[in-house]
Every structure is written in C-alpha cells, then in structure tokens.
Amino acid sequence: MLRFATPLFFLLVGIVSLIATLNLPKATIGNANGPLYFPLLISIILIVSSIVYFFQEWKLRGIEFKDFKLLKEGKAPRYLILSLIMMLIYTFLFERIGFLYSTIIFLGGLMFLLNGWKKWLLNISIAVIFSFITWYSFAVLLQVSLP
Amino acid sequence: MGLDTEFIVEGFKVAMQPHNLFWIALGGFLGTVVGMLPGLGPATAIALLIPITFGMDPTSALILMASIYYGAMYGGSRSSILLNTPGDGSAIAATFDGYPMAQKGQAGQALAISAIASLIGGLIAVVGFILLAKPLASFAIRFGPAEYFLLMIFTLSAIVALAQGAMVKGFIAMAVGLLISTVGIDLQTGVYRFTGGNPNLAEGIDFLVVIIGIYAVGEVLYNYLTIDRPLGEKKSVGKKWITKEQWNRTKWPMLRNGPIGFFVGVLPGAGGAIASMLSYSFEKQLSKKPEEFGEGAIEGLAAPESSNNAASVGAFIPMLSLGIPGSGTTAVILGAIVMLGLKPGPLLFENHPDMVWTFINSMFIGNIFLVILNIALVGMLVKVLDTPPKVLYPLILLLAFIGTFTLNYNMTDFFLLIIFGLLGLVMKLLRFPVAPLILAVIVGSEMEQNFRMSIVKNDSFLGIITESPITITLAIMTVLSLGYPLLTNWLRNRKLEKNIDRQQ
C-alpha cells in the first residue's frame, strides 16, 4: 500500500546508513571511532522516527490515501516525467555541446511541453532569447566560465 | 547596542552609497515580483539569485538577500489580496480579509494598507533589532562547543516541534538533513564517509545544491501539478489610497502587532507564518466587532501584515548574533554568506560593527523604498500577476541549473539537483516540513564538530548537558519545546474523547 511506502523507505534509509556507519573505516588520527558517533546517532533517530511514522500511518489505514493524488490528475504525470527526462538530457548535453545550444534545446523542450505546439513561434523565441540573455549575463557580465 | 553613534552614522553613509542603494532597490523589486508569483516565496527567490552574489562583497550580498526577503514579504500579500492565492505561509493570513476587501472593490486600499502595515512592522522590528542583537551577541561570546551543540539541538527541536502537527515528519526531515551533512571527508580524521567512491563527493554535498534543488526545482515540479488550473479572478485595483477612518482603525493594530511579530521572528522555528496567524487571532479577540473579521475588516489585514514583516527582520537576530538561523529562509541566506567568507556569530558584532550597522540602516532604507514602490507602482506590479506560469517555470528551472553549475563547475551537482528536486516534490506532497532539513544540512557539520569537541571534554552526553548553567537551560528549553506540542495534543485528544463519551 502506498500509505506505508514513505515510512518504509525512510526506515530503509535509516538501516542502510546504520550499516554503512558501522562499516566505516577506523580513524588513524585521534579517536578511532570519532567519525562514527554522529552518523550513528542520526541513523538511530531516523530509524526510530520512521517506525513511529509507520504506526501513525497504520492507524489511518482505513482512510483513503490522497497525498499522491495530484500526481495522477490531468496532464501532471506527463509534465512531470517528460520534464525530468529533459533535465537528464540537459545534464548529459551541457558539457558535450556547450551551454548555449544545450540550453536552447532544454528551454525549448520545456516550453513545447507546457505551452503546446500551436504557440511554436513564442516557444522558440523565448527559448532562444532567454538562453542568449542568461548566457550573456553569466558568461559576460558575471564572468562565469560556461562550457 | 550602546551608543555607537559613530557606527550608526558611518553605517548610514555606507548604506546610502550608490551601489548599496542599487542592491536594496534591486533586491526589493525582485523580492516583490517573485513574492507575488503564486507558489513562490522568499526562500526560492534567494536560492535562485545566489549566483548573482558571487564576487560581491559580503555586506552588499547580505543587503541584497535581506531586501529580497522582506521584498517577498511585501509581494507575497499582493497575490493573497488580488487572487486569494498566497505566495507562501506568511501571506496566508492576508487572504482572510484582504481578498474580501478586493471583492468589495477596495483592492487598492487593501494593497495600500498592507504596504503601510509592512512598513510600520518592519521599522518597529529594526528598532527591536538594534536593542536586542548586540546584547545577545555579547552574551553568546561565552558559548563553548557544548553550549553551541545544545543551542543547535534546541533550534532544530523548536523547528521540528513547530512543524504544524507533523513532528515525526519533522524529525525524519531533520535526520535526513543531518545525514546529508555527514557525506564527505571527516574534518577531524580524514576518513571518507558515504561517498560511494565518487571523488566528486569527497568535499561533501554542497548545501546550496540541496537548497536550490528543494526550493526551486521542487517548487516548480510541484507547481506543474496544478499548472492547468485557472487562477482566481483578478479584481480591478480601484482607489489607491486609504481614508482617514481606515487609518484610525488600523494604526493601533499595526503598532501593537509589530513587536509581536518581531519576537515571534526571533524565536527559532516560528517566523512569518506563525507571527501573522497569531496577530490575526489576537486582533480578532481584541476587536469590538469580531464578526467583521473574514468579511473584509481592514484591521484583519493590517495586523498580520505588520507582524509578518516584523518577523522577517527579527529572524535575522539569531542568524547574525549566534550564527544559527531560526528559519528556512535565514538558513538559505546564512548558507550564501558563509560561501562568501563571512562568518556570522557573536564576534561579528565585535569585529565588523561597520558591516552590522550598514545592514541595519539598509533595512530602514529598504522598507521605506518598498512602501513607495508598492504604492506608487501598484498598477505595474499587478501586471506581474499576468505572467503566464507556463513561461515562468521553465525559466526558473533554467536558473536553478545555471546557479548549481556556478557553485562547483561539476556535473555531479546536476544529478544531485534533480534528486533533491524530486525529494522536495515528494516532501511537499506528503506535507513534510522542509525547514528542519535545510537547517540540518547547514548546521550539521558544525554541530558534529561541536558535539565531538564537547564529548572529548565531558566524556558523556550527560556531561555535555550539565557542563554549565547555559547548557542546562538549553537542555530544559529543548525538552519543553518538544514536550509542549505533545502535551497540548494529548490534552486536546482527551477533551475530544470526553466530549464523545458525553455525547454517547
């Protein structure tokens, strides 16, 4: 059930971090266990809180779980998944084809996704103009070295 | 702050220098605009504009970010009043009476009173800042590692406790934040922790990536889900200035709620949202006509507006005088100014009084600038609300990516940005509080160092707590801050059960 997915996920994160903490190499300088204490304490807090969270959700098990409902409404899943894919493509292209071209593709892609194909001229103009403005502001005005 | 008249005058002169006036104006304007856009608040605005501050001197950067912060406070209420859509938590109370006023054709007057109330609240809080910040800093000078460790625990627990009925979620958010802060080389021993063999993670996860991911990418992804929904109908502005009668009705509410907002702002975890709600209900209780509240009572708008702006000024006190932010937004600002090499804390007031005074004076100037901007340019600002979100959100995503790239010129950060964006989205959907995570990421590393230093000195956890009267007080405050919501919850449940029993 979706309701229990989050508490179980954080419980898993807590357990993994606990195991990873216990397997940390011993320090050769100072207290050998020094690097362990703090993450150990946090892992325990995370595990305990996740268990409490699980039982809180358990009490509500008869009630419909609506938190993720928005994700399924209308075009939301399409917007979300495609923009995530575009972000990954942007990450992949950024250093390979350079800032300006990758940004025009990224911004254009997002504009077509949200604004539809009918407004193609507006989408393309915004993608090109804003990519150029950001490139100019960062590379020329702020002197950030962009690929 | 004693009579540092020399510094006051000097600070005023520096704040009045053209470049600082420019940053005040730019920050105030950008803050107002971003704050007005539905769904975007001050933390997002600052997170996105962090790259602009690189290369700036820390004082100007602080001035810029602070003016974005209170500018967003002014702006946040614009969309509350005109569209019934608050930009963030602190602007919610402005919808209660602001929107009904707009529906009655008094939008212009509602906007004017909200700007005037914000100015009065802001100015009262600046005076409060002058009176409180330096004594607090002088007191904090005697803090050692144990005191700092417990102060951080207290701040985190106060933020968790105030996570509006979601304390367990707050604890989880905090723990995740602290875990993120442990990634990378351990500063004391050189041991690599949780890097998974990725050399790019050796220096840890940059907290600014976490901030931009959660506040900017997460917010945009969340807004995608409702992007096709029509916004509330925007009413025409109407008369732009208040009447004498309206002024008489609101002057006391504005004056008495400024100090309330200020003190709430100083407390860790509270901030604008709680301050404005508190002021709203306080004013309703005082009113002779409480039935008018919610129907467009001008006091019901003036009180929370004065209070939330005062809270945003008050929130700077713990950040600057203790080096520990009490809210998500001040945590973001702290993160950014630490990057520029400035270390806020008790010594800041000793070593850089000029900077502190410039900052204080800039808040005076900024608040006055904003009220002029918000009243004179009301027509133009209202047009900002017509910006189609479908054009805006892609641009915000782009700024988030460029901002992240400029931090370390490292592509691993892009992946982290996407991951934290998704985390921000899921947290928002599940109503997890974000502030505990952000604060934990920022103070985590220092908290660990203080913890380890004090454990060496005291041998045990109990030893840390009992090291000094200050540590004992902080420990008691921590227990109280966590215990109080539990106690009130328990009492409320008991009362409910009794009522149910009685009905049966």
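Trainee: At which residue does helix 9 of chain B bend?

Mentor: Good place to start, and keep in mind that this is a predicted model. Helix 9 of chain B covers residues 207-224, and its bend is about 30°. The residue where helix 9 of chain B bends is B:Gly213.

Trainee: What distance does helix 9 of chain B reach from its first C-alpha to its last?

Mentor: Helix 9 of chain B has 18 residues, for which 26 Å is expected at 1.5 Å a residue. The modelled reach is close to that, at 25 Å.

Trainee: Is helix 9 of chain B largely enclosed by the rest of the structure or largely exposed?

Mentor: A residue counts as buried if 20 or more other C-beta atoms lie within 10 Å of its own. In helix 9 of chain B, 17 of the 18 residues are buried, so the helix is largely enclosed.

Trainee: Which helix of chain B gives the most to the side that touches chain A?

Mentor: Here 38 residues of chain B are in contact with 52 residues of chain A. Several helices of chain B each supply at least two residues of that side, among them helix 8, helix 9 and helix 20. With nine residues, the one that gives the most is helix 18.

Trainee: How are helix 6 and helix 16 of chain B oriented to each other, roughly parallel or roughly antiparallel?

Mentor: Their axes lie 9 Å apart, and the packing angle is about 175°. Angles over 145 degrees count as roughly antiparallel. Helix 6 and helix 16 of chain B are therefore roughly antiparallel.

Key: Residues are numbered from 1 along each chain as its sequence is written. Chains are lettered from A and ligands numbered from 1 in the order in which they are written. This is a predicted model: local features need pLDDT of at least 70, side-chain atom pairs count only at pLDDT 80 or more; totals for chains, interfaces and linings use all residues. Helices (H or I, at least four residues) and strands (E, at least two) are DSSP runs, numbered from the N terminus. The expected span of a helix is 1.5 Å times one less than its number of residues. The bend at a residue is the angle between axes fitted to the seven residues ending there and the seven starting there. A residue is buried if 20 or more other C-beta atoms lie within 10 Å of its own, exposed if 12 or fewer, and partly exposed in between; C-beta atoms are placed from the backbone. Two residues are in contact if their C-beta atoms, placed from the backbone, lie within 7 Å. Axes are lines fitted to C-alpha atoms, for helices over the stretch in contact, and angles run from 0 to 180 degrees between N-to-C directions. Angles under 35 degrees count as roughly parallel, over 145 as roughly antiparallel, 65 to 115 as roughly perpendicular and the rest as oblique.
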